[in-house]
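The following exercises are to be worked with the sequence and the model side by side. Each task is followed by a solution in steps.

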Amino acid sequence: MSEMSRHAEFDSAQSPAAGCVDGPAAGSGGAAPGSDNVRRPIGVVRDVAGGTTHIVLDPQRLQECLGDADPAIAMSGQVASQIKIRVGSSWLLGVVRTMRQATQDEDHGGIVVEVDFMGEGDTERLTGNIYGFRRGVTRYPMPGALAHVATSADLRQIYASDGRANISIGTVHPTRDIRAGLYIDSFLGKHFALLGSTGTGKSTSASLILHRICELAPEGHIVMIDPHGEYISAFRTRGHLLDVSNLQMPYWLMNFEEHCEVFLTSSGSDRVVDADILARCLQQARAKNRLAAAIGKITVDSPIPYLLSDLLNILVNEMGKLDKGTGSIPYQRIKTKIEEVRADPRYQFMFSGMLVGDCMTDFIGQVFRLPANGKPISIIDVSGVPSEITSTVVAVLSRLVFDFAVWARDEETRPILLVCEEAHRYVPNERNSDGSSVARVLSRIAKEGRKYGVSLGLITQRPSDLAEGVLSQCGTIIAMRLNNERDQAHVRAAMPEGARGFMDAIPALRNRECVICGEGVSIPMRVSFDDLDAALRPASADPSFSAQWAKSGGEDTMIDRTTQRWRAQSR
């Protein structure tokens, strides 16, 4: 018997006089009848605060639990494991955040753990199982209350679906058969973030979640911005695939701010002058379309088709006026840039002469999957987009999602999910901010999107480089292993208080494991993702240096093919 077991306080706590109930009522089901690990307590509550408690655990009892066939019991007392505390006839569930050995000043000789309260449930009279689990605490334990192991049967009740629409994505750690689900309405309705270091299985996990959403809602509307072309292979049969070869995004869909990003090259006071000139000329060019005459008053942001040749002609005419109030250099600067963009073959997906017609309805229907026709997700591969305008293209697509939802408020709601991979590139923190329009658009979606039925999904490997305000707007956080301490601290600050115990385990997560907390789950949980069929995985696997460097042959033709694509700037 350990020093703690000999301690009078713990001995009295284990006696029936202290409230320990023998038989099944003392613990949950899931273990063999009469199992000592289920019936006997493992510790005693020493002090209680608003959201946490300190419990003294018996080291000998923890050793006995280690050999239990129930993996949940075997994990008892370890960081991120669950412990239940007797409070009258109910159970209070907590998660272990920290552990330490008792100091010499503490005479109990036990292990002191800090436990975060998660919720409470009633005790089933015959079996002692937890049922009717709910988040929050109505009755706190008193010092001296008993702590018991949480069994797999307890966890099955706690993590059981409450009937809301959900998707199953894996199993709850440490069990092998308790399914982990995401409540789809809460998960998408209040945005989500998937965070994890490179190599942890982040892209495959994102594909798994999106595939399960597509299975649940084959007539859904999902737009995914894919900066590396990874997800094309994962959604060949279920998604509508777009890249620079077939995107055909009309340039006139850009608003004035996005036009400035593409057509203006100046900075400082010169940029103010150039922007004023471009605004006047752009509005005149839009006004020449017959749609403008039918609408009446239009603005420089109105998505009215116009010809680039009209814009150039207007620039030349304005440049020739004697009362223009400035020299000809700003006009010439803008004209040169427009001609350069129009002539560059890399920009043809956006500035082709074929895109001057009014194709806005068809473009929106195609990209937003309206109707979905069994392919609810559109994968937009922007890896072939020139780097100079990648942010602008993402800004246009993101703004179209939001603006469409705003102007469709009088119609039956068609919720749209916008997923951004490498999100820190588009909504960087203040330290890395470049003032781009895409950051403002995504920030606005994060703050206001749910009012209009727009959901935002952010996927990133560097949460510390992500705008803090945007991450805080994500109602559900899926955190995989994070190796960088700054990233860990950033995510820890965004997580609710009750999930801190799980957060401390994030550096030790295995590949394809995660901690999920927030609106999309009943309570925070550690999850092992399901395996995904090879045909449904993204093309994100790391190359094997040892295997590839052992091969030889065909290098000359490979270089020729690569050189041709390089020179043509086309894949």
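Two strands pair if DSSP finds at least two bridges between them; helices (H or I, at least four residues) and strands (E, at least two) are DSSP runs, numbered from the N terminus. The model is predicted: local features need pLDDT of at least 70, side-chain atom pairs count only at pLDDT 80 or more, and totals for chains, interfaces and linings use all residues. Residues are numbered from 1 along each chain as its sequence is written, and side-chain values use heavy atoms, with hydrogens and water left out.

**Exercise 1. Determine which strands pair with β3, and whether its faces are buried or exposed.**

Step 1. Strand β3 covers residues 82-87. With strand β7 (residues 146-149) β3 pairs in the antiparallel sense over 3 bridges, and there K84 has H148 as its bridge partner.

Step 2. Strand β4 (residues 90-101) also runs antiparallel to β3, joined by 6 bridges. The two form a hairpin with 2 residues between them, and G88 in the turn has a positive phi of about 65 degrees.

Step 3. In a regular strand, side chains alternate between the two faces of the sheet. On one side of β3 lie Q82, K84 and R86, on the other I83, I85 and V87, and all are buried (buried means under 20% relative accessible area, exposed over 50%, partly exposed in between; 1.4 Å probe, protein chains only).

Step 4. R86 stands opposite W91 in β4. The charged end of R86 also sits over the ring of W91, 3.9 Å from its centre; this requires NZ of Lys or CZ of Arg within 6 Å of the ring centre and within 35 degrees of the ring normal. R164 is placed likewise over the face of Y183, at 3.8 Å from the ring centre.

**Exercise 2. Classify the ring pair F402 and Y452.**

Step 1. Rings of Phe, Tyr and Trp (its six-membered ring) pair if their centres lie within 6.5 Å; planes under 30 degrees apart count as stacked, over 60 as edge-to-face and the rest as tilted. By this rule there are 9 aromatic pairs.

Step 2. The centres of F402 and Y452 are 5.5 Å apart and the planes stand at 80 degrees, so the pair is edge-to-face.

Step 3. F402 belongs to helix α16 (residues 390-407) and Y452 to the loop between α17 (437-448) and β15 (454-460), 50 residues apart. Both residues are buried.

**Exercise 3. Which parts of the chain does the salt bridge of E258 and R399 link?**

Step 1. A salt bridge is a side-chain nitrogen of Lys or Arg within 4 Å of a carboxyl oxygen of Asp or Glu. The whole structure holds 32 salt bridges.

Step 2. For E258 and R399, the closest N and O atoms are 2.8 Å apart. The pair links helix α9 (residues 256-263), which holds E258, to R399 in helix α16, 141 residues apart.

Step 3. E258 has 1% relative accessibility and therefore counts as buried; R399, at 11%, is buried too.
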